[in-house]
Amino acid sequence: MPGLEREPKLSRQSSLWGATLLLGLAGAGLFSPLPAQAELTAVPGLSRIESWHYDPQRGWLEVNTQGEVRPFLFVLQNPSRVVLDFPNTLFGREPQTQTFPGRVTSLEIKQFTPTITRFVLHLQPDQPLSLDQLQLLTAGPSRWAVQFLQPEQPLPAAAPLFPSAAGPRDPISPSPPLPRRPEASPLSPPATSPSSHRILAISPQAEGFFIRTQGSPSTTVRRILDPDRVVVDFLNTTLSPALTQRVYTVNRLGVSRLRVGQFEPTIARVVLDVDPSSGDWEARYDPQQGGIWIQPAGGAAQASLLPDLSSADSQGPLATLRSVELRGNQLIISADGFMFYRAGWDPESGGYRINVAPARLPESLPDPGLPIGGPVQRIRFVQEDARTVSILVQPAEEFNVFEPNPGQGSRRITLELRPLHAPPSAPQPQPPAQASLPSRRGRTVIAIDPGHGGRDPGAIGVGGIQEKDIVLSVSHQVRHLLQERGYEVVMTRTDDREVLLQPRVDMAVQANATLLVSIHANALERSSIHGIETYYLRPDSAELAVVLHRSLVRASGAADRGVRRARFFMVRETPVGMPSVLLELGYVTNPTEGRKLATPEYQAILARAIAEGIEAFLRSRQR
C-alpha cells in the first residue's frame with residue numbers, strides 16, 4: 001500500500017535577520033484535495049483571503065486575509081514551484097490562474113482542501129529554486145509576503161514590510177488594491193504559534209497505542225474500507241523532528257501496522273492497518289500522561305468482531321466437538337472437554353460466527369437434523385488452526401440469535417433462536433439506575449445518538465463544515481418531532497461534548513430504549529461521491545434500517561447508496577432485541593451535498609424523514 005504521505009524534500013534556511021522560516025509539508029495521502037467551489041459557505045473560526053498581488057519585477061507576493069492566520073512556505077520540485085499554504089482559511093472564489101513573463105510563469109490560487117487555501121508560483125523549468133532564496137515576512141497575523149532573493153543579494157538591515165505606495169498591478173488580477181499600510185511597519189519574523197501541538201512519541205501498549213503529545217490536540221477518528229484502516233487525524237498538530245520512526249509493525253489487537261506522517265501542514269495523521277473483522281477505535285486525551293490514547297471502542301476485548309481467545313483460556317487440553325443438536329429453538333454444541341468461545345455477527349457472510357477454543361473437529365459429526373422451515377438454515381464447521389474451531393450458523397430470515405451465557409467456559413454452548421419480534425425470554429441485566437433518570441415505564445423510548453462531539457469533530461467538509469455540528473442539529477430536531485408524537489427520547493449527547501462509544505450504548509440500555517439510531521455524515525477522498533447510506537448488523541435491525549433508509553432517500557431526493565451490514569460499534573454492541581442502525585446522511589466532502597447538509601432547511605428535511613421512519617417502523621411492529 002502507498003505510504004501515508006509523499007513528503008517533498010525541503011531545504012531549511014538557517015536564518016535571515018534571525019527569522020526562522022515556517023516550513024510545511026505538501027498535503028498528500030489518503031484523501032486527495034477537493035476542488036474549490038465558488039462562494040463556499042462561511043464558517044465561524046475560519047479566515048478568508050481578502051486580497052493578493054504578485055509583482056514579477058520585484059519577485060514579491062503579498063497576501064491579505066480577513067482574520068489571523070499563519071501560512072506555511074515550501075518548495076516542490078519536478079516541476080519546480082513555490083507553495084504558500086494558508087491553513088484554516090477559505091478562498092471563497094473559483095480557482096484563479098495568472099500568467100507572467102520571467103522566472104515565475106504563473107500564479108495559481110485555489111481551495112486545496114476544505115480548510116487550506118493554496119498559492120502556487122510555477123517556475124521556469126530551467127530556473128529551479130531553493131528555499132534559501134525565499135523569505136517569508138509578516139507585518140501582522142493578517143498581512144504576509146514572500147520575497148524572492150537573488151543568490152548573492154545583500155540583505156538590508158531594516159525595511160518596512162510593505163512599501164508606502166503599492167506597485168503596479170496585473171490588470172487581470174481579481175484582487176482589489178491593497179490598502180496602504182504605515183511605513184513604520186517593521187520587518188518581523190513570524191512568531192511561534194502558541195496553539196500548535198506536536199506528536200512527540202508513539203508507544204504501542206497492551207490496551208492500544210499511546211501518542212505522547214505537546215499540548216492537547218483535537219482528534220477525529222474514521223474507518224476507511226478497501227483496504228480496512230482506521231485514520232486518526234491530529235488537528236493543528238505537527239510531528240516532532242525527533243520522531244524518526246514512522247512505521248510500526250504491530251500484529252495484535254487486529255492491527256498489522258501503524259503509520260504516522262504529516263498529512264497537511266497542520267494535520268498529523270496516524271493510520272492503523274486493521275483486519276476486516278476489527279471493530280471501531282476511539283481517541284481520547286489523557287491529561288495525566290500527557291497524550292492521546294488510541295484504543296478499541298469498549299476495550300481491548302472489542303478490538304475485533306471475532307477476537308482471538310486469550311492464551312489463558314485456550315491453552316488447556318483440546319476438547320473434541322461431539323454433537324450439534326437443534327432442540328426446538330435451541331442450538332446446542334457439545335464437546336468432550338472444557339471450551340471457551342467468542343461470537344458475533346459476521347458482516348461478510350451474514351451469519352453468526354462462533355470461535356471455539358481449545359477445540360478440534362472429529363473426523364465426522366452427527367447430522368444436526370435441521371428441519372426445513374426451522375430456525376436454522378445451515379451450519380458450517382472449519383478447523384481454523386490446531387486449537388480453534390470456527391462455527392458459522394446461518395439463521396432463517398425471520399430469526400435472531402441470542403446467547404444466554406456468552407463466552408463462558410463449559411462443555412456445552414447453547415444458542416437461542418428467536419423470532420425477530422419476540423421479546424426476550426428473560427430480562428437482561430441492566431446497569432443501576434441513576435437518581436436523575438425519570439421513569440419510562442409504559443412509554444416507548446427512542447435512543448438518538450449524534451455522532452462525534454467535543455474534541456472529535458468527525459468529518460470535515462467543504463467550507464470547513466464539521467460533522468459533529470450537522471448531526472447534533474439534526475438529532476435535536478428528531479427529538480423534538482418524536483416528543484411531539486408522544487415518544488420519550490434519550491440523546492447520548494445534547495451539546496458539543498466528547499462521549500466515548502460504550503457510554504453511549506450504556507445510556508440506551510439504561511433507558512430501556514426500544515431502538516437506537518446513530519446519526520452521522522460521511523466523507524471520502526473522492527469529492528464526487530454523494531448520497532445516503534444506512535448500516536445495520538443483526539437481523540433484528542434489518543427492517544428498521546430499510547424503513548429509515550427509504551424514508552430518508554424519498555424525502556431528501558439524495559442518491560441511494562444502499563442499506564449495508566457493517567460492524568460499527570453502535571450497531572454491534574446494543575443488546576439483542578434493541579434494533580440499532582447507523583445513518584450516514586450524506587457526504588460533507590461533496591461540494592453540493594456538503595453545502596446542503598450545512599443548511600437548516602435541509603437538516604429539517606432529514607430530521608423529519610428520520611422521525612417519520614421511526615414512527616412507521618414502530619407502527620409496523622404493532623400490527
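**Cores and a buried arginine**

Student: Which residues touch the most other members in the largest nonpolar core?
Tutor: This is a predicted model, and its largest nonpolar core holds 43 residues. Among those 43, the residues that touch the most other members are Ile448, Leu482, Val517, Ile519, Leu585, Ile610 and Ile614.

Student: Which element supplies the largest share of this core?
Tutor: Several elements each supply at least two residues of this core, including the strands β29 (445–450) and β31 (515–522) and the helices α2 (467–484) and α7 (600–622). The largest share, nine residues, comes from α7.

Student: Which residues does Ile614 touch, not counting residues up to four places away in sequence?
Tutor: Setting aside those residues up to four places away in sequence, we are left with the partners Ile446, Ile448, Leu482, Leu515, Val517 and Leu548.

Apart from this core lies another one, of 31 residues, and among them are Met339, Val356, Val376 and Ile413.

Student: Is Arg353 buried or exposed?
Tutor: Arg353 has its place in strand β23, which covers residues 352–357. Its relative accessible area is 13%, and a residue counts as buried when that value is under 20%. Therefore Arg353 is buried.

Student: With which side chain does the side chain of Arg353 make a polar contact?
Tutor: The side chain of Arg353 has a polar contact at 2.9 Å. The partner in this contact is the side chain of Ser390.

Student: What percentage of the residues in the protein chain is buried?
Tutor: The protein chain has 623 residues, and it includes seven helices and 34 strands. Of these 623 residues, the buried ones make up 54%.

Note on methods: Residues numbered from 1 in each chain as written. Predicted model: local features only at pLDDT ≥ 70, side-chain atom pairs only at ≥ 80, totals over all residues. Heavy atoms only, no water. Helix = DSSP H or I, 4+ residues; strand = E, 2+ residues; numbered from the N terminus. Buried < 20%, exposed > 50% of the residue type's maximum accessible area, 1.4 Å probe, protein only. Core = buried A, V, L, I, M, F, W, Y, C linked by side-chain atoms within 4.5 Å. Contact = heavy atoms within 4.5 Å. Polar contact = N/O pair within 3.5 Å; in protein donor to acceptor, adjacent residues only side chain to side chain.
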